[in-house]
Amino acid sequence: MRAYDSYVAKQGGRMAERVREPIPDCWFCATPKAKTSREHIFPRWLTGELGVRDEEVTPMHVRLEAPNADHVMTKRPLAGFVATRICQECNNGWMSELETTARPVLTESPRKGRLTRAEAEILARWFAKTAVVLNVSQNFRLLVEARDRHELAIGIPNNATVALMRLSPAAGKTVDWIQTSPMTALVPAAMEQAAVQRIIERTLQVNIQVGDLGAVVTFAARPNTTEAVEGYLPAATPIWPLPARLPAWGSLPRYDSARDVAVTMRIVQNPFVR
Ligand SMILES: [Zn+2]
């Protein structure tokens, strides 16, 4: 059992929906007894480039079991956020390649013109991977199944969405994130409240800021795909699944904090009922 699940169970009360799997040797592949390594959640080149490696952050997640008590963790320097149970093959292989490809897009300055398909795909995969590394390593319910975690090695699972935003200078050039579930949903009139609650709880939403760029990543409950959920209505600009027309950098909405950006999900069918 993950430490976070035991912690919540000890508090008593109802456990919100979550993926229940034995803890794997590597979160990102099926290799048993994989030789593990420590992965910096935000790569050292990024925190170095932003000059925030020693900056202390207080990551936050919202507990649905006690929605009025946001669970704020203790302050730690950014460089101290590492994920374990990621094997050397994943870490030095596809993850390292993804960092190399994403670096110029993440740090591009100034950002001009329209996003290309290649840039959108790289950013979407990098933010989706980062959201999953946060989900498996930080205190929150596990909400991404093994098959979707493993697929990140080659692409982006079809239950993931990514929307972009810019951060205003007031936000500071830092790294920040929050894990939660969508706070509101548009639902069919006939759907029972309990079903809506389950679907919402089983949906991961991670808002991430890296410097002046931010993203809202969602992972829908299986067997839903993003088509079956029929999309999210984020207050950011969707780039994944690839839209017919990608946005211009200048048209992305700007916020003072990546944490404040809410997502409304539109549920068209219950993923738990076939
Ligand atoms: Zn692995």
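Biologist: What kind of model are we looking at, and how are the residues numbered?

Modeller: This is a predicted model, where local features need pLDDT of at least 70 and side-chain atom pairs count only at pLDDT 80 or more, while totals for chains, interfaces and linings use all residues. Residues are numbered from 1 along each chain as its sequence is written, and side-chain values use heavy atoms, with hydrogens and water left out.

Biologist: How do you know whether glycine 214 is buried or exposed?

Modeller: Look at its relative accessible area: under 20% is buried, over 50% exposed and in between partly exposed, using a 1.4 Å probe and protein chains only. Glycine 214 comes out at 0%, so it counts as buried. Its contacts include Phe127, Leu164, Met165 and Ile208, with residues up to four places away in sequence not counted.

Biologist: What makes serine 109 exposed, then?

Modeller: Its relative accessible area is 67%, which passes the cut-off for exposed. Serine 109 sits in the loop between α3 and α4. Arginine 85 has 35%, so it is called partly exposed. That arginine is in strand β6, residues 82-87, and its phi is near 60°, a positive value in a residue other than glycine.

Biologist: What makes a group of residues a nonpolar core?

Modeller: They must be buried Ala, Val, Leu, Ile, Met, Phe, Trp, Tyr or Cys residues joined through side-chain atoms within 4.5 Å. The largest such core here has 61 residues, and Phe28, Phe42, Leu123 and Phe127 touch the most other members. Helix α4 (residues 117-137) gives the largest share of this core, twelve residues. Apart from it lies another core of 18 residues, with Ala171, Ala195, Tyr232 and Val261 among them.

Biologist: How do you know which atoms hold the zinc ion?

Modeller: Donors are N, O and S atoms within 2.8 Å of the metal (3.2 Å for Na, K and Ca); water is not among the atoms, so sites may look incomplete. The SG atoms of Cys26, Cys29, Cys87 and Cys90 coordinate the zinc ion at 2.3 Å, which is inside that limit.

Biologist: What makes the arrangement tetrahedral?

Modeller: Four donors count as tetrahedral if all angles lie between 85 and 135 degrees. The four donor atoms here subtend angles of 106 to 115°, so the arrangement passes. Along the sequence the donor residues are spaced C-x2-C-x57-C-x2-C. Cysteine 29 lies in the loop between α1 (3-11) and β1 (36-40) and cysteine 90 in helix α3 (residues 88-107), so the pair ties together parts 61 residues apart in sequence. Both of these cysteines are buried.

Biologist: Why is the pair of tryptophan 126 and phenylalanine 127 given the name it has?

Modeller: Rings of Phe, Tyr and Trp (its six-membered ring) pair if their centres lie within 6.5 Å; planes under 30 degrees apart are stacked, over 60 edge-to-face and the rest tilted. That rule gives five aromatic pairs. For tryptophan 126 and phenylalanine 127 the centres are 5.2 Å apart and the planes 85° apart, making the pair edge-to-face. Both residues are buried. Ring pairs also link Phe42, Phe81 and Trp177 into a cluster.

Key. Helices (H or I, at least four residues) and strands (E, at least two) are DSSP runs, numbered from the N terminus. Four donors count as tetrahedral if all angles lie between 85 and 135 degrees; four count as square planar and six as octahedral if opposite donors are over 155 degrees apart and all others between 65 and 115; anything else is irregular. Contact means heavy atoms within 4.5 Å.
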